[in-house]
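Colleague: Before I use this model in my own calculations, could you take me through its architecture and its helix packing step by step?

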Amino acid sequence: MMGYYGDGFGWMWLWGLLLLVGIAVLVLLAVRLFTGGSNRGGPAHYGPYGGPPYGPPGTPPGGKSQARLILDERFARGELTAEQYRENVKVLGEEP
């Protein structure tokens, strides 16, 4: 009886489980590939988690343009004086 390991089906349930998990992963990948990913169900300019839209595509939250955000950052770092900041905001046509 030495070397006898039973009927040999003791670990077969593990292989079946791994096979099912593998098939499920392949189906999920195929669905994502053929549907264009997971960003479906709304315009691209909606907020995170399907929240309210920010405005036209490309407009950051808060309604400020990208140029205004850069200008705000430069003013906060001290690269611009208050007068230069106001002048540049006026050129952009936005409210200070």
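Colleague: Among contacts between residues at least 6 apart in sequence, what percentage joins residues at least 24 apart?

Modeller: This is a predicted model, and contact here means heavy atoms within 4.5 Å. Taking the contacts between residues at least 6 apart in sequence as the reference set, the share that joins residues at least 24 apart is 16%.

Colleague: How many helices and strands does the protein have, and what pattern do they follow along the sequence?

Modeller: The protein is assigned three helices and zero strands.

Colleague: What distance does H1 reach from its first C-alpha to its last, and what phi follows the helix?

Modeller: Helix H1 covers residues 12–35, which is 24 residues, and at 1.5 Å a residue the expected value is 34 Å. Gly36, which follows H1, has a positive phi, near 85°.

Colleague: How far apart are the end C-alpha atoms of H2, and what phi does Gly78 take?

Modeller: H2 has 12 residues, so at 1.5 Å a residue it should span 16 Å, and the distance between its end C-alpha atoms agrees with this at 17 Å. Just after H2 comes Gly78, where phi is positive and about 90°.

Colleague: How are H2 and H3 oriented, parallel or antiparallel?

Modeller: The axes of H2, residues 66–77, and H3, residues 82–92, come within 10 Å and cross at roughly 180°. Angles over 145 degrees count as roughly antiparallel, and H2 is therefore, relative to H3, roughly antiparallel.

Colleague: Which residues make the contact of H2 with H3, and how many of them are nonpolar?

Modeller: On the H2 side the contact is made by Ala67, Arg68, Leu71, Asp72 and Phe75, and on the H3 side by Ala82, Tyr85, Asn88, Val89 and Leu92. Sorted by class, the contact has two charged residues and one polar residue, while the nonpolar residues number seven.

Colleague: Within what arc do the buried residues of H2 fall, and which helix is included in what covers them?

Modeller: The buried residues in H2 are Arg68, Leu71 and Asp72. Seen down the axis of H2, these buried residues fall within an arc of 100°, so they line one face of the helix. In general, an α-helix has 3.6 residues a turn, so residues three or four places apart point the same way. What covers the buried residues of H2 includes H3.

Colleague: Is Asp72 buried or exposed, and which residues does it touch?

Modeller: Asp72, found in helix H2, has a relative accessibility of 17% and so counts as buried, the cut-off being under 20%. Leaving aside residues up to four places away in sequence, Asp72 touches Lys64 and Tyr85.

Colleague: How far is Val89 from Leu71, C-alpha to C-alpha?

Modeller: Val89 is found in helix H3, and because its relative accessibility is 1%, Val89 counts as buried. Val89 and Leu71 are 18 residues apart in sequence, and in space their C-alpha atoms are separated by 7.9 Å.

Colleague: What separates the C-alpha atoms of Ser65 and Glu94?

Modeller: Ser65 is found in the loop between H1 and H2, and its relative accessible area of 25% means that Ser65 is partly exposed. Ser65 and Glu94 are 29 residues apart along the chain, and their C-alpha atoms are separated by 9.1 Å.

Notes. Residues numbered from 1 in each chain as written. Predicted model: local features only at pLDDT ≥ 70, side-chain atom pairs only at ≥ 80, totals over all residues. Heavy atoms only, no water. Axes fitted to C-alpha atoms, helices over the stretch in contact; angles between N-to-C directions. Helix = DSSP H or I, 4+ residues; strand = E, 2+ residues; numbered from the N terminus. Parallel < 35°, antiparallel > 145°, perpendicular 65-115°, else oblique. Nonpolar A, V, L, I, M, F, W, Y, C, P; charged D, E, K, R; others polar. Expected span 1.5 Å × (residues − 1). Buried < 20%, exposed > 50% of the residue type's maximum accessible area, 1.4 Å probe, protein only. Arc of directions from axis to C-beta.
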